Amino acid sequence: SFVEAMPIADERYTDADAVPGDTRTPQRPRYYRRRQLGDDAELILLDTRSFRDAPLADPNPADPAAVAAFYAQSIGDPTRTMLGATQKARFLSDLLAAKERGATWIFVGTSVTFQQNGPLLPADRWDGYLAEHNAIVEFLIANDIRNVVWLAADLHGTYVNDIDVGFGANAFAPGSFEVVTGAVARFPPLGGRTVQLGAAAGLLTAEQAAFYDTLPRVGQDAFVANSIDNVFAALNLQSLGFDDRLDATLVSGGYHSFHTYGWGEFELDADTSELTVTHYGVPAYDEGEVADAAGAAAVFAQDVLVLGKFTVRPQ
């Protein structure tokens, strides 16, 4: 379905492309891409589906021992891979080449979130491949490759976060952070889904879930952000948003929006190389709200909101 929906050239790996010992890659489609964006930036698109190892079993998020065992397994096996040996080697080589070319910003597209996002269904994300995740972050640190911006989706919510070596090791890749762009259609988006899963897993009480239902959208966003940060704190993970290791300024809105549909815009200042990220959106709606012409017209008439806007100076 990907190639049917995306206008992408039919490129394939040859036998000569594969690193020694890699039998997964030859003759397979090559969806990995690297593109130069002017003098200041490069874009790298990863294929996180074609060559990955089978996922681990998701842990019970309410069982600390099960969560600890999951992450120990994810970190403990250095052979587990999300990218496959050949793609990983190409990726690391291209990161070095982008730095040597003088690119200020390197944008990396990943279909699943790169930074750790806690124990709710983590196996499909980089949470389940932390040995390789950590090796990549450590490569950035060792080679002083700065200002790598990870672009992700998949979780159907909008938020940003710093990039650390996991699990909670607090080794920071300078200037590196992740921007997760929210859903364009899925209902419920991340906020409602998180409350559903959290209540089912016993991480939220019935009273807490009922209180959430009484809140306006902004209040629901704050409730979900606080719930996520509580889980992150228990796991020694960074809270949502940025800390003072990034030279960032929040211009308007916030660093997260969990109950909207939307998109993100990235702008680079030609003189200063400052990056501005703006998230736009509308309140989420379900299928029933657009079932007839009147409902659809009401949804289409909504004003587009600036959910959040921030600037980041390169390091």
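The questions and answers below go through some residues, helices, strands and ring pairs.

Reader: What kind of model is this, and what rules stand behind the values?

Author: Side-chain values use heavy atoms, with hydrogens and water left out, and residues are numbered from 1 along each chain as its sequence is written. Local features need pLDDT of at least 70, side-chain atom pairs count only at pLDDT 80 or more, and totals for chains, interfaces and linings use all residues, since the model is predicted.

Reader: Where does Asn117 lie, and is Asn117 buried or exposed?

Author: Helices (H or I, at least four residues) and strands (E, at least two) are DSSP runs, numbered from the N terminus, and by that numbering Asn117 lies in the loop between β3 (105–109) and α4 (130–142). Buried means under 20% relative accessible area, exposed over 50%, and partly exposed in between, with a 1.4 Å probe and protein chains only. The relative accessible area of Asn117 is 14%, so Asn117 is buried.

Reader: Which side chain does the side chain of Asn117 join in a polar contact?

Author: A polar contact is a pair of N or O atoms within 3.5 Å; within protein, one must be able to donate a hydrogen and the other to accept it, and residues adjacent in sequence count only if both atoms are side-chain atoms. The side chain of Asn117 reaches the backbone oxygen of Gln115 at 2.7 Å. Contact means heavy atoms within 4.5 Å, and, leaving aside neighbours within four places in sequence, Asn117 is in contact with Arg125, Asp127, Leu155, Tyr159 and Phe232. The side chain joined to that of Asn117 by a polar contact, at 2.5 Å, is that of Tyr159.

Reader: How far apart are the end C-alpha atoms of helix α3?

Author: The expected span of a helix is 1.5 Å times one less than its number of residues. Helix α3 (residues 85–101) has 17 residues and should therefore span 24 Å, and this agrees with the distance between its end C-alpha atoms, which is 24 Å.

Reader: Which residues of α3 are buried, and what covers them?

Author: The buried residues of α3 are Thr86, Gln87, Phe91, Leu92, Asp94, Leu95 and Ala98. In general, an α-helix has 3.6 residues a turn, so residues three or four places apart point the same way. What covers the buried residues of α3 includes β1 (33–37), β2 (41–45), β3, α4 and β4 (148–152).

Reader: Is Glu100 buried or exposed?

Author: Glu100 lies in helix α3. Glu100 and Ile145 are 45 residues apart in sequence, with their C-alpha atoms 9.5 Å apart in space. With a relative accessibility of 66%, Glu100 counts as exposed.

Reader: Which strands stand at the edges of the open sheet of four strands?

Author: Two strands pair if DSSP finds at least two bridges between them. The open sheet has the order β7-β11-β10-β9, with antiparallel pairing. Each edge strand has a single partner strand, so one side of each is left without a neighbour in the sheet, and these edge strands are β7 (248–253) and β9 (260–268).

Reader: Which residue stands opposite Gly253?

Author: Strand β7 and strand β11 (residues 305–312) run antiparallel and are joined by five bridges. The residue opposite Gly253, in β11, is Gly308.

Reader: How many residues of strand β5 are buried, and which residue stands opposite Asp164?

Author: In strand β5 (residues 158–164), seven of the seven residues are buried, so the strand is largely enclosed by the rest of the structure. Strand β5 pairs in the antiparallel sense with strand β8 (residues 256–257) over two bridges, and Thr158 stands opposite Ser257 in β8. Five bridges join β5 to β6, which run antiparallel, and the residue in β6 opposite Asp164 is Phe172.

Reader: Why is the pair of Phe114 and Trp150 stacked?

Author: Rings of Phe, Tyr and Trp (its six-membered ring) pair if their centres lie within 6.5 Å; planes under 30 degrees apart count as stacked, over 60 as edge-to-face and the rest as tilted. By this rule there are 16 aromatic pairs. The rings of Phe114 and Trp150 have their centres 3.7 Å apart and their planes at 5 degrees, so the pair is stacked.
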